Amino acid sequence: MPPAGPGPAAEQPPTAEPRPTTEQLPADADRRRFLTYLLAAPTLTVAARAGLDAVAPATARAAEAAPAAAAPPAPAAAPAAPSQLLGLPGIPDIVDLGQALQVAGLPTAHLLVLEITTAGRAVLHLPRLEVGQGLTTTVAMMVAEELDARLTDVDVPLSDSRPDLLFNQLTGASNSVRTLYDPVRGAAAAARARLVTAAARRWSLPADTLRTADSAVTAPDGRRAGYGELAAEAAAVVVPAVPATPKPPGQRRVIGRPTGRIDARDIVTGRAKYAGDLAVPGAVPTVVARPTTINGTLASLDASAARTMPGVLAVVTVPSGVAVLAETFDQALKARDALRTSWHPGPVATLSDPEIRGKLRAAHAPFLIPPLLTQYVDGEFDFAFVNHAPMEVLTAVADVRPNRAEVWFAAQTPIVAQQTLAAELGLPQDAVTVHVVRGGGSFGRRLFYDAAVEAAQISRAAGRPVKLMWTRNDDMRHGRMRPASHHRVRATYGLGQVLSYEHRAATVMTDFGHGLGEALTAAGFQLSVAGLSLAQAFFLLSQSNPYNVGIPTQLLAEVPLKIPTGSWRSVYSGTVRVADEIMMDELARRLGQDPVAFRRARLREPAGRAVLDTVARAGDWGRAMPAGQAQGIGYHAENGGRAAYLVEIDATDPKQPRVTKAVIAADVGTVINPTGLEAQLTGALIDGISVILQAGNHIDRGAVREGSFGDFHYARQRHTPPVVEIHLLPPSGPPGGAGELGVPAASAAVANAYARATGTSPRSFPINF
């Protein structure tokens, strides 16, 4: 991975290339480029206005869709094999979940706000959550690029909940960069055009003779004005004298350059503030005693001993348990342990893993094609519950008063959280303020706001502000998990071709109560008319087999159990596509073909074949390995991106396997920050190693067995490969999504490598569970 360095904007030459003049633009560019408008403000404040056709000029968009001239050519696509004529595309090949969310957000995309302050700061108020994925850096790079500003002059604070954004403040589905790419660039380009116009008026010079670089406008005679000193004058510009269009790819100096995170120093020095770091006046440390089983309820309480302990300020009951408020968290935890409680069992107290697996197996619809008609391969796969386990435990600060409430927490869905809090507290929505605070990891966990609602309930009951912390044990045993699932797959074949492919997925019901349904409805998906549940709609919009495998069918069945679930990184793809990729290896073996060649002959996308070729070549696929060691391959395409992982594993001791090397190839279109993308792909590798080999949650009589990283066996440093190579293919279009992309491919590669190294066919994951 390339080393992180200073922001590339600092390395720009003194002058930047001029933008096209109005005369050089196509005649209809005014209709098709980003439009911007001014907000009433004493300094320059612009907002991007977007519609379905509100994109950069067609010439720039076409140039963006082509690989850079200096980039090495992608491997040539092989002629279509006969099997390529037998496949059918899936719904995500036509419109995927991310595109649906983009459509839902378009009506309010123009409300994205960029401000140039008199201090020379470019401030983009981000309606998304930063949880360590590097989104603030990516957005800052887009602003710096189009504004010709120094990266160090760009600030990206997180927006509070903004109900006016409707469906455009959800961080998820690998959708942030895809959705923000055009509006952010449009707003920055509009700001730059107005700054240039203001300087031209000040100096009485033609605007197209001026240049911008390093957060300043420069005249041909050397006069220079910083953006800060031009901000007030630029605010008065209604119609700029130069085009307000984003740069074509050939003029970019920031986008595409490996860049260190803009907040890296703040994170490592402790200046970055998470919810637990906030000093909200009067907010006291608070913890909660919880039931002994999932969703149990309080039967009896004796808090007399706890109330007399040092530092204890209050003990109150809430629907989820018993809250203890104290002067310090240590005091609160000790007092919590001194409570004498008994609990009614929860609704799944009679269930353990075997019973849950039985319910999942029984939920499947039958296969359409009976096994008597042709040759076939069957596979059945179990995937365990998996905790999100972000490094920062859930924390929320709440200050609830009779007529208002303020809450601070890391929120991926702040608008829905605000609505839920208002309903819970009996307040108007505009009387509840949700402050979005950076989060230390999420993987889907912070789509939900359990801790925020609980903190508000406690604050109301105690009559004072609280700082609530869920311990690791709290979230492991009472938080949300990726649902357990069971999969049945049948593939028929004949004459060397795959004729049909049926995948039946049964999962414990996934909770999507975080606003996704309303967003899909806004995008035009009438779920009730189509007779689809929200989960089925999500499944159909995200699941597609990328191979030509004859006639494919994929069906989802859900088992409604009262177990808290939620979207875990890659959601359905993290299990569905893993099962598919294992089956591809087994089909290749049955047909006597190499697994990579077998995949390559059936991949529908030329871009996918290029990714697979790259990883096979770079990873020296097929090289001889000692006994007990092997290579494995996995491929996945989703959200406008595609990735292939090749891993090498040492399973000489099958109970202590270790991935020793990983080679990753990815094509996600235009890459804003290669360093950030590589970090995402590496994190997906660690996720894949973990959930395939050792990390999962057991259910024992209605309770989660695991309570910490001591028994939730997520990969440690000793489990990670000492060698990781990442190859990013030349840009093939606008940005795709990356956050969900790597996990299915990485997981499948690890599973396939383990199977080849051990000569087994694992069917239950994690393998060492």
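**Salt bridges and strand pairing**

Author: Arg763 has a relative accessibility of 24%, so this residue counts as partly exposed. The terms run as follows: buried is under 20% relative accessible area, exposed is over 50%, and partly exposed lies in between, with a 1.4 Å probe and protein chains only. The model is predicted, so local features need pLDDT of at least 70 and side-chain atom pairs count only at pLDDT 80 or more, while totals for chains, interfaces and linings use all residues. Residues are numbered from 1 along each chain as its sequence is written, and side-chain values use heavy atoms, with hydrogens and water left out.

Reader: Which side chain does Arg763 meet in a salt bridge?

Author: The partner of Arg763 is Glu586, at 2.9 Å from N to O. This pair links distant parts of the chain, 177 residues apart: Arg763 is in the loop between helix 21 (742-758) and strand 30 (764-765), and Glu586 is in helix 17 (residues 573-590). A salt bridge here is a side-chain nitrogen of Lys or Arg within 4 Å of a carboxyl oxygen of Asp or Glu. Helices (H or I, at least four residues) and strands (E, at least two) are DSSP runs, numbered from the N terminus.

Reader: And Glu586, is that buried or exposed?

Author: Glu586 has a relative accessible area of 11%, and is therefore buried.

Reader: Why would such side chains pair at all?

Author: Side chains of opposite charge can pair when their charged atoms come close.

Reader: How many salt bridges does the structure hold?

Author: There are 45 salt bridges in the structure. Arg121 makes one of them with Asp155, with the closest N and O atoms 2.7 Å apart. That pair also links distant parts of the chain, 34 residues apart, since Arg121 lies in the loop between strand 3 (113-116) and strand 4 (122-125) and Asp155 lies in strand 5 (residues 154-155). Arg121 is partly exposed, with a relative accessible area of 25%, and Asp155 is partly exposed at 29%.

Reader: What does Glu406 form a salt bridge with?

Author: Glu406 pairs with Arg404, and their closest N and O atoms are 3.6 Å apart. Glu406 is partly exposed at 23% relative accessible area, and Arg404 is partly exposed at 32%.

Reader: Which residues are linked in a network of salt bridges?

Author: Arg445, Asp450, Asp475, Arg480 and Asp511 are joined in such a network.

Reader: Let us turn to the strands. How many residues of strand 21 are buried?

Author: Nine of the ten residues of strand 21 (residues 485-494) are buried, so the strand is largely enclosed by the rest of the structure.

Reader: Which strands pair with strand 21?

Author: Strand 14 (residues 375-383) pairs with strand 21 in the antiparallel sense over nine bridges. Strand 22 (residues 497-508) also pairs with strand 21 in the antiparallel sense, over ten bridges. Two strands count as paired if DSSP finds at least two bridges between them.

Reader: What is the bridge partner of Gln375 in strand 21?

Author: Gln375 is partnered by Tyr493 of strand 21. Tyr493 in turn has Val498 as its bridge partner in strand 22.

Reader: What lies between strand 21 and strand 22?

Author: The two strands form a hairpin with two residues between them, and Leu495 in the turn has a positive phi of about 55 degrees.

Reader: Which residue stands opposite Asp382 in strand 21?

Author: His486 stands opposite Asp382 there. Asp382 also faces a residue of strand 30, namely Ser764. Strand 14 and strand 30 pair in the parallel sense over two bridges.

Reader: Next, Glu706. Where does Glu706 lie?

Author: Glu706 is in the loop between strand 28 (703-704) and strand 29 (723-728). Glu706 is buried yet has no salt bridge, and the nearest side chain of opposite charge is Arg705, 4.9 Å away. For charge, Lys and Arg count as positive and Asp and Glu as negative, while His and the chain ends are not counted.

Reader: Finally, what is the place of Tyr572?

Author: Tyr572 is in the loop between strand 23 (551-559) and helix 17. Tyr572 counts as buried, at 4% relative accessibility. Tyr572 and Thr510 are 62 residues apart along the chain, and their C-alpha atoms are separated by 9.6 Å.
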